[in-house]
Amino acid sequence: MVPRLLTTGPMAKILVVDDNPSTVAAMTKLLEGDRHAVASFTNAASAIDAIRREPFDVVVSDLELPTVDAHAVLRAVAVHSPCACRVVISARARENAEPLVRAGACLVADKPLAYDDLVAALGRCRARGGQGHPGCPIAARGGCGAKES
């Protein structure tokens with residue numbers, strides 16, 4: 001059985017962006033199966049526009065997107081959804097983890113991302129109230145700060 005992202009309390013509003021449509025479709029199906037509201041994108045510019053228009057609880061982004069990378073997505077999230085839990089997935093997670101964590105990622109994980117790893121990291125982040133930002137309840141506790149691969 002696949003673990004649930006959150007079994008009590010409100011379900012999350014999650015944005016997923018990856019240039020691989022199969023990855024987006026699979027992640028969306030799993031998250032929606034857990035009753036989360038999911039906004040799915042295969043284009044980073046469209047995802048950033050969505051981030052600017054509405055707040056998200058969680059943002060999951062591929063590191064290497066065709067027009068912009070995950071750093072641009074993380075910057076948009078920091079401005080428009082500062083308490084959102086941020087996950088970056090990459091075929092080269094280990095070599096990119098440190099700068100992405102400094103940029104605000106809760107989890108930097110290798111592709112393919114195991115759903116139970118995503119569930120665990122987001123559960124920790126959401127339990128603390130979101131990402132570490134001056135306006136967030138967890139800022140004093142240091143944010144997510146999880147590096148996994």
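Biologist: What covers the buried residues of α3?

Modeller: The cover over the buried residues of α3 includes α2, β3, β4 and α4, a contact being heavy atoms within 4.5 Å. The buried residues of α3 are Ala70, Ala72, Val73, Leu74, Ala76 and Val77; buried means under 20% relative accessible area and exposed over 50%, with partly exposed in between (1.4 Å probe, protein chains only). This is a predicted model, in which local features need pLDDT of at least 70 and side-chain atom pairs pLDDT 80 or more, while totals for chains, interfaces and linings use all residues. Residues are numbered from 1 along each chain as its sequence is written, and side-chain values use heavy atoms, with hydrogens and water left out.

Biologist: How many helices and strands does the chain have, and what order do the elements follow?

Modeller: The chain has 5 helices and 5 strands, taken as DSSP runs numbered from the N terminus (helices H or I, at least four residues; strands E, at least two). Starting at the N terminus, the elements read β-α-β-α-β-α-β-α-β-α. Of the 149 residues in the chain, 45% are buried, and among contacts between residues at least 6 apart in sequence, 62% join residues at least 24 apart.

Biologist: Why is serine 81 called buried?

Modeller: Serine 81 has a relative accessible area of 4% and therefore counts as buried. Serine 81 sits in the loop between α3 and β4, and, leaving aside residues up to four places away in sequence, serine 81 touches Glu54, Pro55, Phe56, Ala76 and Arg86.

Biologist: What does the side chain of serine 81 reach?

Modeller: That side chain reaches the backbone nitrogen of phenylalanine 56 at 3.0 Å.

Biologist: Why does histidine 36 count as buried, and where is its place?

Modeller: Histidine 36 has 4% relative accessibility, so histidine 36 counts as buried. Its place is in the loop between α1 and β2, and the side chain of histidine 36 reaches the backbone nitrogen of alanine 12 at 2.9 Å.

Biologist: Why is arginine 94 called exposed?

Modeller: With a relative accessible area of 65%, arginine 94 counts as exposed.

Biologist: Which residues of α4 are buried, and what makes them line one face of the helix?

Modeller: Ala93, Asn96, Ala97, Leu100 and Val101 are the buried residues of α4. Viewed down the axis of α4, these buried residues fall within an arc of 135°, so they line one face of the helix; the arc is that of the directions from the helix axis to the C-beta atoms. The elements that cover them include α3 (70-80), β4 (85-90) and β5 (107-110), whereas the face turned away from the buried side carries the exposed residues Glu95 and Arg102. After α4 comes glycine 104, whose phi is positive, near 115°.

Biologist: What makes the buried residues of α2 line one face, and which residues are exposed on the other side?

Modeller: In α2, which spans residues 44-53, the buried residues are Ala44, Ala47, Ile48, Ala50 and Ile51. Down the axis of α2 these residues fall within an arc of 155°, so they line one face of the helix. On the other side of α2, Arg52 and Arg53 are exposed, while the cover over the buried residues includes β1 (13-17), β2 (37-41), β3 (58-62) and α3.

Biologist: Which residue caps the N-terminal end of α2, and which residue caps that of α3?

Modeller: Asparagine 43 caps the N-terminal end of α2, where a side-chain oxygen lies 2.8 Å from the backbone nitrogen of alanine 45. For α3 the cap is aspartate 69, with a side-chain oxygen 3.0 Å from the backbone nitrogen of histidine 71.

Key. A polar contact is a pair of N or O atoms within 3.5 Å; within protein, one must be able to donate a hydrogen and the other to accept it, and residues adjacent in sequence count only if both atoms are side-chain atoms.
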